[in-house]
Amino acid sequence: MTRPPAVLPHFLPDFRLETYFSRWEFTARHHLTASDAQTMRMADLLELADDEDRHAWETLSLGYTETFGDPGLRRAIADTYTQAGPDDVICFAGAEEGLYLAMHALLGPGDHAVVVTPNYQAAETVPLSLCEVTGVALDPERDWALDLDRVVAAIRPRTKVVSVNFPNNPTGKVVDAADFARLAELCDERGIHLFSDEVYRGLERDGTRRLPQAADLSERALSLNVTSKSLGLPGLRIGWIACRDREVRSRLERAKHYTTICNSAPAEILARIAIKASTPILARNRAVIDANLPLFDAFFAEFPDLFEWRAPDGGCVAYPRYRGADGVEEFCARLVEEAGVLLLPASIYRSALTPTPTDRFRVGVGRADPEPALAAFSAWLRERR
């Protein structure tokens with residue numbers, strides 16, 4: 001389904017997720033839909049610093065930093081890729097700035113983009129504010145499968161970007177590595193930039209299913225990542241794009257001159273420490289998820305008439321189906337108002353491009369100690385019966 005050019009917005013609509021969170025994220029007693037892994041105290045992060053980074057932290061001068069990002073941070077990021085180097089990395093104030101500026105750098109009037117749904121809202125609405133966009137939906141009846149033939153069918157001569165997100169938010173889907181590599185090849189064959197949101201990479205339940213990073217597969221591809229999700233450090237507000245296309249990187253730098261110009265100097269040093277220590281941090285966060293999943297399995301097994309549950313392939317969010325007659329929107333509203341348990345209903349992920357399920361809700365499985373939230377949730381459900 002394609003949105004006609006005649007009704008393309010010249011503004012961005014309300015960000016439904018953030019509007020919903022502004023009402024409930026810090027007032028609900030139980031945040032059971034968090035999209036980030038368990039965080040850590042700054043003191044604990046600093047304990048992971050090597051001598052070089054500890055010295056950099058202790059002697060830091062609070063001046064402006066480089067637009068591309070701290071050189072040491074970019075070296076640390078580049079070490080997580082096999083083909084991309086430090087000069088192929090540009091840092092941003094979180095992943096949202098990177099996504100926003102990348103779409104503005106790559107797309108304009110007369111262009112066309114393909115976006116896989118469901119997804120983080122900005123992945124759809126930002127391209128739609130710039131050009132014509134065609135959506136390709138993951139199939140909920142086939143375990144959220146991605147049909148590459150449908151992606152190919154959606155591509156046009158004017159297509160400049162194909163945008164994907166794996167592990168997927170909100171479904172937790174990880175596609176097969178062979179399909180992901182083939183997608184990168186399809187884009188290369190047509191001169192298209194593959195934009196790959198990889199913010200949950202490293203939290204796969206089965207490590208053998210971890211996808212290669214798009215920037216390692218193709219010189220034209222862009223890999224988006226951030227310290228917020230898999231590393232559980234959203235307070236740092238440090239994201240990045242790796243891309244081996246130097247012209248694209250130059251455009252990203254010039255675009256950033258109009259937004260943040262440069263990142264926070266303290267946050268860049270802390271991000272550098274975290275990325276160098278990503279192996280133990282990711283192992284810790286995967287252990288939290290592994291410990292949590294049996295609790296969620298048991299919870300949903302108690303109410304099979306109300307829910308259809310499947311654990312995520314990767315990341316720390318899942319997208320169960322709600323079977324109640326009242327509908328998922330009323331269900332989520334009453335749950336947070338009456339029991340103080342926050343979930344994200346399907347309307348947050350509705351798409352203007354493709355039909356999207358209306359009976360789903362997002363749940364987060366990456367935070368420590370979900371038992372109180374699940375207990376409040378189950379008590380509320382029992383009271384309703």
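Visitor: Over residues 62–365, what percentage of the chain is helix, and what percentage is strand?
Guide: Helices (H or I, at least four residues) and strands (E, at least two) are DSSP runs, numbered from the N terminus. The end C-alpha atoms of residues 62–365 lie 37 Å apart. Over this stretch the chain is 37% helix and 17% strand. This is a predicted model, in which local features need pLDDT of at least 70 and side-chain atom pairs count only at pLDDT 80 or more, while totals for chains, interfaces and linings use all residues. Residues are numbered from 1 along each chain as its sequence is written, and side-chain values use heavy atoms, with hydrogens and water left out.

Visitor: Is A318 buried or exposed?
Guide: A318 is found in strand β10, residues 317–318. Buried means under 20% relative accessible area, exposed over 50% and partly exposed in between, with a 1.4 Å probe and protein chains only. Because its relative accessible area is 0%, A318 is buried.

Visitor: What distance separates the C-alpha atoms of A318 and F361?
Guide: Contact means heavy atoms within 4.5 Å, and F361 is among the residues that A318 contacts beyond four places in sequence. The two residues are 43 residues apart along the chain, and their C-alpha atoms are separated by 8.2 Å.

Visitor: Which side chain is joined to that of R321 by a polar contact of 2.8 Å?
Guide: R321 lies in strand β11 and counts as buried at 13% relative accessibility. A polar contact is a pair of N or O atoms within 3.5 Å; within protein, one must be able to donate a hydrogen and the other to accept it, and residues adjacent in sequence count only if both atoms are side-chain atoms. The polar contact of 2.8 Å joins it to the side chain of E308.
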